[in-house]
Amino acid sequence: MEINLGKLAFDIDFHPSDNLVATGLIDGDVHLYRYSPDSVPVRQLEVHAHTESCRAVRFINGGRVLLTGSPDCSILATDVETGSTITRIDNAHEAAVNRLINLTESTVASGDDEGCIKVWDTRERSCCNSFNAHEDYISDMTFASDARKLLTTSGDGTLSVCNLRRNTVQTRSEFSEDELLSVVLMKNGRKVVCGSQTGIILLYSWGCFKDCSDRFIDLSSNSIDAMLKVDEDRIITGSENGMINLVGILPNRVIQPIAEHSDCPIECLAFSHDRKFLGSIAHDQMLKLWDLDSILQDTVNTQTNETGVVDSDSDGDEMELDKDSSKLSKGNKRKNANNEQAGSNNFFADI
């Protein structure tokens, strides 16, 4: 299934229990679509949420509320059923809000363009933790719920671990000489996997975050802008060349390409609530919903390029990175896209 959004989308999120998918667009709009395997997706809701682009979208409160973040530094909570504003936090950050993530039923985290991370209590509608973890934009976040630790990647080339119990940045990796754009937890929490601007996947062992233990260099020369965990051994990656690949981790191998957006950079990937669909958005302004069983069913015996370098737990810094300085970082791509977007009306100016 395909939906022509007509504008560049920065984020997508699926409802936690219903066949609904939300997108945040460059003009500040949020679109909500109902989808079905047997019919064309139908737009259920359109809200002009922000005066600048909508970079982050997340369902909260069991799917009753849609939370969005923007370079206008605000975070908005919208009623999913009516589209009405529940609350708006102006100046939620001092810089552009770039990422949102659900932590628990009542807490979410937001990350901005200057490396600040905030944790919010959705019941109290207030900030309960703040971390100055990075010097550049927050590119991705994942939560280790058992350890109560928030892992974040950044355009400054580092991975940080924020301890929510102690309200401190527990540790931060050494600079990788490469922007880190995406992060997932693998191997039952024993490995942290990061995608980079140059297409190298870096693996960190849990508790040993200063330097990566393994590097996978044969995936692509294109940036890995998005990653999803399929299971403890496989991830799905989205790259700036428009390819969506199924990738094995330890042993590191490209299993096979499973989907694509022509040559348009992938912005975001997400699973539907029942994991029947993989959602993807890219710079072609399309939202695509892929039948996950269908695109994965032929991968069992297919192994493409199984010679990825695995340097187990040592000498991770021996690999020399061939960094193409002509490439724009993901953060700069978003900033350039925002600059090219015509100004939109301030729908909530009087709220």
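1. Leucine 150 has cysteine 162 as its bridge partner in strand 16. Strand 15 and strand 16 (residues 159–163) run antiparallel and are joined by five bridges; two strands count as paired if DSSP finds at least two bridges between them. Strands (E, at least two residues) are DSSP runs, as are helices (H or I, at least four residues), and they are numbered from the N terminus. Four residues lie between strand 15 and strand 16 in their hairpin, and glycine 157 in the turn has a positive phi of about 85°.

2. On provenance, this is a predicted model, in which local features need pLDDT of at least 70 and side-chain atom pairs count only at pLDDT 80 or more, while totals for chains, interfaces and linings use all residues. Residues are numbered from 1 along each chain as its sequence is written, and side-chain values use heavy atoms, with hydrogens and water left out.

3. Strand 15 also pairs with strand 14, in the antiparallel sense and over six bridges. Within this pairing, threonine 142 stands opposite leucine 151 of strand 15. The hairpin of strand 14 and strand 15 has four residues between the strands, and arginine 148 takes a positive phi near 55° there.

4. Is strand 15 (residues 149–154) mostly covered or uncovered? Strand 15 is mostly covered, with six of its six residues buried; buried means under 20% relative accessible area, exposed over 50%, and partly exposed in between (1.4 Å probe, protein chains only). Lys149, Leu151 and Thr153 are buried on one side, and Leu150, Thr152 and Ser154 are buried on the other.

5. Four strands form an open sheet with antiparallel pairing in the order 2-3-4-5. Its edge strands, strand 2 (9–14) and strand 5 (39–48), each pair on one side only. The twist from one strand to the next averages 20°, where axes are lines fitted to C-alpha atoms (for helices over the stretch in contact) and angles run from 0 to 180 degrees between N-to-C directions. Five bridges connect strand 2 with strand 3 (residues 20–25) in the antiparallel sense, and alanine 9 has leucine 25 of strand 3 as its bridge partner.

6. A further open sheet of four strands has antiparallel pairing and the order 22-23-24-25. Strand 22 and strand 25 (253–260) each have a single partner strand, so one side of each is left without a neighbour in the sheet. The twist here averages 25° from one strand to the next. Strand 23 (residues 234–239) and strand 24 (residues 243–248) pair antiparallel over five bridges, with isoleucine 235 partnered by valine 247 of strand 24.

7. The largest pocket has a volume of about 1,200 Å³. A pocket is an open set of points on a 1 Å grid over the protein atoms alone, where a 1.4 Å probe fits, with protein on both sides within 12 Å along at least five of seven lines; lining residues have an atom within 4 Å of a point. Grid points are joined across faces, edges and corners, and the volume is the space filled by probe spheres set on the points. Of the 46 lining residues, Asp13, Arg58, Ile101, Asn102 and Leu228 are the closest to the pocket centre. Strand 10 supplies the largest share of the lining, six residues.
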